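Thank you all for coming.

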Amino acid sequence: MTDKNRKIAVIGAGFAGLSAALDLIKAGHEVVVFEASGNPGGLASGFKEEHWDWSVERFYHHWFQSDAHLLGLIEELGWSDQVLFPKPVSVMYHKGKFYPFDSIKAALLYPGLGWGINKIRFGLVGLYLRFTKNWKPLEKVTTEQWMRSKAGNFVFESMWKPMLDGKFGENWSDKVNMAWMWARLHVRTTRLGTFEGGFQRFADKFARKLTEDGVQIRYKQSVNKISKNPLGRLDVQTGDEQSEGFDQVLVTLSPGLMAKLAPDLPQDYLGELLKLNHMGAVVMTLSLKHPLSPDGYYWYNIPKQAGYPFLSLVEHTNFLKPEYFGGDHIIYIGDYLEKDHPNFSKSDQELLDEFLPHLKKINPKFEADWVKKAWVSKTGYAQPIPLLDHSKNIPSLQTPIDGLWFASMSQVYPWDRGTNFAVEIGRRAAKLMLEN
Ligand SMILES: Cc1cc2nc3c(=O)[nH]c(=O)nc-3n(C[C@H](O)[C@H](O)[C@H](O)COP(=O)(O)OP(=O)(O)OC[C@H]3O[C@@H](n4cnc5c(N)ncnc54)[C@H](O)[C@@H]3O)c2cc1C
């Protein structure tokens, strides 16, 4: 094998897999991407009705202005003119009402923190986290311990506890480390971005460009085993029992799937993979005949104690114009849940029956016949859970099996998962594979 004729497999055509494939093909290697579904984009993929010009993501998605890896990739591809950054309004709940919370002015006016010392402590803590780069000591304390001591019990219980409970549930919310919170507050922006046509259009365009550059993308090819063959190469076996030899393989799936695909990994590494925890997500998308939010709000953060059977309500068409969707108004109803939560086994109709009555609390005029169509997306792997000293738990990208590499959402720590970090880790993995 000379360096120029390596044959490389990438498992998964999400943002990480596609980004890795770009750099591997550029370096002159033969690259085959195996994708279980029928299209690229992974968790950020979308779907489209006949009468829509744009697709909507299966799980709500937007970019931040600080997403340098993602925006840098788009610039490299020459498509920056197709990125939009509107400024939709996100709101917080307080005593039965919702208040904008997406600027310093809005935070100052938010009644949930009172008007005195608590608001000042909230602001100072936010400023500190925005400016400090020193996240390492923060992984040694939980968000709860740190926030209670620095921002006070009132600020923690009003602002941060509802968010932690909503995102991580009662089993994990008091165990998540403070570096996770730092990563969110350190880089996120209030202006939110997307690609003209939706994330799916970006993924399709990216996949097409890779194909033109020579990458083979094989859709509906689910990989079920990766093992060393007697020649020292890695056999990639697909669902149809076909097997093909590769010099290097990069897996971009969840840690659990990685452990299943490569059972020959040494126990230490398998143990690291299986020790990682994550939340799943159930997200319903509805197309409506009328707008839902009476005030034109985009993102409703809803604390569990407010009595809604979901965490967030997102009116996508208050972020992007309804004209892109043939005049339909699109909303998402989402929640992060543990894999064994009953919502994973409920039918779409059962979820709809449960959710719809609560939309009347957002808009009393809402009627069930506003709903044109409903879709439900479920994933068991949506949000990694970072515990204390989590940097010690991150499996290396290079696995102990020669030529086998692993790059997933669970390894972008201390950053929180996102397409920006999928691009970063995909490209980092490609660089290491090329140097190896
Ligand atoms: C509810 C929710 C909201 C989110 N919101 C945002 C957001 O607003 N902004 C943002 O940037 N990010 C957001 N994210 C995160 C973002 O979607 C992920 O970080 C990113 O898409 C991960 O990309 P990936 O390539 O690492 O993995 P994935 O997207 O999971 O890609 C893995 C691919 O592998 C394929 N696959 C699985 N098994 C096999 C197999 N056996 N063989 C072959 N292929 C297989 C899958 O079909 C998939 O296409 C959100 C995620 C969720 C769940």
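This is a predicted model: local features need pLDDT of at least 70, side-chain atom pairs count only at pLDDT 80 or more; totals for chains, interfaces and linings use all residues.

**Backbone and fold: a walk through the model**

Let me begin with K95, which is exposed because it has 8 other C-beta atoms within 10 Å. K95 sits in the loop between β7 (90-94) and β8 (97-100), and its phi is near 45 degrees, a positive value in a residue other than glycine.

Residues are numbered from 1 along each chain as its sequence is written.

D389 also has a positive phi, of about 55 degrees, although it is not a glycine. D389 lies in the loop between β19 and β20, and it counts as exposed because it has 12 C-beta neighbours inside 10 Å. Further along there is a cis peptide bond, which joins Y413 and P414 with omega at about 10 degrees, and P414 is placed in the loop between β20 (404-406) and α12.

Now to the whole protein. There are 12 helices and 20 strands, where helices (H or I, at least four residues) and strands (E, at least two) are DSSP runs numbered from the N terminus. Of the 436 residues, 45% count as buried, and the C-alpha trace spans about 70 × 50 × 40 Å along its principal axes. A compact globule with 436 residues would have a radius of gyration near 22 Å, and the protein has 22 Å, which agrees; that radius is taken over C-alpha atoms, and the globule rule is 2.2 Å times the number of residues to the power 0.38. Of the contacts with a separation of 6 or more, 71% are between residues 24 or more positions apart, two residues being in contact if their C-beta atoms, placed from the backbone, lie within 7 Å.

How is the protein divided into domains? There is domain 1 (3-80 + 196-276 + 391-435), domain 2 (103-187) and domain 3 (277-385), with bounds that come from an automatic or database domain assignment. The C-alpha centres of domain 1 and domain 2 lie 33 Å apart, and six residues of domain 1 are in contact with seven residues of domain 2. The side of domain 1 that touches domain 2 has three nonpolar, two polar and one charged residues. In that classification Ala, Val, Leu, Ile, Met, Phe, Trp, Tyr, Cys and Pro count as nonpolar, Asp, Glu, Lys and Arg as charged, and the others, Gly among them, as polar.

Let me turn to helix α5 (residues 143-150), in which T143, E144, W146 and M147 are buried. Seen down the axis of α5, its buried residues fall within an arc of 165 degrees, so they line one face of the helix; the arc is that of the directions from the helix axis to the C-beta atoms. Those buried residues pack against α6 (153-172) and α7 (178-187), and just after α5, G152 takes a positive phi of about 100 degrees.

Which residues come nearest to the ligand? Of the 36 residues around the ligand, these are G12, G14, A16, G42 and L43, a residue being near if its C-beta atom, placed from the backbone, lies within 6 Å of the molecule. The shell divides into 19 nonpolar, 15 polar and two charged residues, and α1 (15-26), β15 (277-288), β19 (371-385) and α12 (419-435) each supply at least two of its residues. Domain 1 and domain 3 both give residues to this shell, so the ligand lies between them.

I will finish with F15, in helix α1, which is buried because it has 31 other C-beta atoms within 10 Å. Leaving aside neighbours within four places in sequence, F15 is in contact with G42, A44, T419, A422, V423 and G426. F15 and A203 are 188 residues apart in sequence, yet 7.7 Å apart in space, C-alpha to C-alpha.

Note on methods
A residue is buried if 20 or more other C-beta atoms lie within 10 Å of its own, exposed if 12 or fewer, and partly exposed in between; C-beta atoms are placed from the backbone.
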